[in-house]
Structures are given as C-alpha cells and as structure tokens.
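The sequence and the structure come before the points.

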Amino acid sequence: MASNILIAYFSHWGHSRAFAEEIQRLTGGDLFEIRTATFYPEAHDPCSIQAHQEQLADFRPPLTSHVENMDQYDTVFIGHPIWWYREPMVIRSFWEAYDFTDKKVIPFCTSGDVGIANTEQDTRKWLPTANVKPGLRLGTHAVDSGTAEIKEWLHKNGVIDERGKDK
Ligand SMILES: Cc1cc2nc3c(=O)[nH]c(=O)nc-3n(C[C@H](O)[C@H](O)[C@H](O)COP(=O)(O)O)c2cc1C
C-alpha cells in the first residue's frame, strides 16, 4: 500500500539526512530529498556568508527535485539544518511549491545549538492552512542516541503507536 507519510529533507553535511532516515525507519514513510540548483560551498564560512546573503535578499533557491504525488500524503515531515537561526531559504522554496492545506506538517532540524522554535513559527506563517505539529531539533551528532526521543515525539504527534509501530 502506498504510504501516506512523506519525509522531505534538505541536508548539506548529512546530519539532517540521518535524522530523516531514522524517521523513515520508524514510520515506514517515503523519503524525499529536497534538492536545489543553487551551489553551496562545503566549508562553513563561505557557506555561511552565502546563506546569510540569501536570507537578506529573501532569495528562493530553485528546486531541482519534485514530489510527484503530494496528494497521496496526509503527513509531511520537513527537515533541514539550522542556517542563521532558522530554516535555509530552500525550505521556503519547498513550502511555496505545494498546497499543504489540511496536511499534518511536522518540522525537524539539526543544529549546533539553535532550537526548532523559529522554524515552527515560520512554518505556521508560511503554511497557515496546514495543521503544523510540534517539531524536534537534534544536535549535530545526536541521531543515534536520539532514537528514544524521536520515538516519543512521533508518538506524541500521533504518527506511531507506543511500541514504535507505524499506526
Ligand atoms: C551556513 C550554515 C549556517 C549555520 N548556522 C547555524 C546557526 O545559526 N545555529 C546553529 O545552531 N547551527 C548553525 N549551523 C550548524 C548546522 O545547523 C549543523 O551543523 C547542522 O547539523 C547541519 O546539518 P546538515 O548536516 O544536515 O547539513 C550552520 C551551518 C551552516 C553550514
């Protein structure tokens, strides 16, 4: 049976990808990588300068990957690193590319130390017709040790039952 859960993520260094893969493992949902034509340098400092400029310019990095059947999903996880205290601008490109009306949207992120609050606030602002649920932030190397926390969060958001089995 086709899954009704989508786990969409953008990841530059791989930490948010690992988080997305763990959600996939626990829920059986479909994994989707958000890709962009915009190039980001690997190293922190030049990438950071570029990311800041994009925020100031309210830039929308063009998407090069597309969800073909968004109608199929009633729960959409959207994950990313924190860049300059909030979601990278490509997440806004993603938000604006689809109709999330009445879908359960659940943000998640990895970061050095900044939490998920700004992303939650922005998600509610950009997707006012979606049912935005509490998000979860993990530290950069915390995905493996975060499994219990991830399970609890998935359960609280009604995605899995108590035993960690797909609902
Ligand atoms: C351009 C850039 C900006 C960042 N800004 C922040 C920040 O404002 N706060 C923070 O806690 N971490 C920041 N980080 C650290 C990343 O959020 C963290 O390393 C994250 O786990 C990377 O996820 P990824 O491996 O999926 O790309 C930044 C990293 C980069 C590359």
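The model is a predicted one. The protein has five helices and six strands, and its radius of gyration of 15 Å is close to the 15 Å from the globule rule for 167 residues, so the protein is as compact as a globular protein of that length.

**Overall fold**

- Along the sequence the elements run β-α-β-α-β-α-β-α-β-β-α.
- Taken along the principal axes, the box filled by the C-alpha atoms is roughly 45 × 35 × 25 Å.
- Buried residues make up 37% of the 167 residues of the protein.
- Among contacts with a separation of 6 or more, 75% join residues 24 or more positions apart.

**Ligand shell**

- There are 22 residues around the ligand, and those that come nearest are Trp13, His15, Ser16, Pro81 and Gly112.
- Two or more residues of the shell come from each of α1 (15–27), α2 (44–56) and β4 (104–111).
- The element that gives the most to the shell is α2, with four residues.
- Sorted by class, the shell around the ligand holds eleven polar, nine nonpolar and two charged residues.

**Helix α1**

- The end C-alpha atoms of α1 are 19 Å apart, which agrees with the 18 Å that its 13 residues should span at 1.5 Å a residue.
- The buried residues of this helix are His15, Ser16, Phe19, Ala20, Glu22, Ile23 and Thr27.
- Viewed down the axis of α1, these buried residues fall within an arc of 155°, so they line one face of the helix.
- The cover over the buried residues of α1 includes strands β1 (5–9), β2, β3 (75–81), β4 and β6 (136–139), together with helix α5 (147–156).

- Phe19 is in helix α1 and counts as buried because it has 27 C-beta neighbours inside 10 Å.
- Leaving out residues up to four places away in sequence, Phe19 touches Gly79, Phe108, Thr110, Leu138 and Val143.
- Phe19 and His141 are 122 residues apart along the chain, while their C-alpha atoms are separated by 9.9 Å.
- Gln24 also has its place in helix α1, but Gln24 is partly exposed because 19 other C-beta atoms lie within 10 Å, and a residue needs 20 or more to be buried.
- Beyond its neighbours within four places in sequence, Gln24 is in contact with Ile7, Gly29 and Leu31.

- Gly29 sits in the loop between α1 and β2 (30–33).
- Gly29 is buried because 22 other C-beta atoms lie within 10 Å.
- Apart from its neighbours within four places in sequence, Gly29 is in contact with Ser3, Ile5, Leu6, Ile7, Ile23 and Gln24.
- From Gly29 to Thr75 the C-alpha distance is 9.2 Å, and the two are 46 residues apart in sequence.

**Helices α2 and α3**

- From its first C-alpha to its last, α2 reaches 18 Å with 13 residues, close to the 18 Å expected at 1.5 Å a residue.
- In α3 (residues 89–97), the residues Met89, Val90, Ile91 and Phe94 are buried.
- The packing partners of the buried residues of α3 are β1, α2 and β3.

- Asp58 is not a glycine, although its phi is positive at about 50°.
- The loop that holds Asp58 runs between α2 and β3.
- Asp58 is exposed because it has 8 other C-beta atoms within 10 Å.
- Trp84 is another residue other than glycine with a positive phi, near 55°.
- Trp84 has its place in the loop between β3 and α3.
- Trp84 is partly exposed because it has 15 other C-beta atoms within 10 Å.

Definitions and conventions: Residues numbered from 1 in each chain as written. Predicted model: local features only at pLDDT ≥ 70, side-chain atom pairs only at ≥ 80, totals over all residues. Near = placed C-beta within 6 Å. Nonpolar A, V, L, I, M, F, W, Y, C, P; charged D, E, K, R; others polar. Buried ≥ 20, exposed ≤ 12 C-beta atoms within 10 Å, placed from the backbone. Contact = placed C-beta atoms within 7 Å. Rg over C-alpha atoms; globule rule 2.2 N^0.38 Å. Expected span 1.5 Å × (residues − 1). Arc of directions from axis to C-beta.
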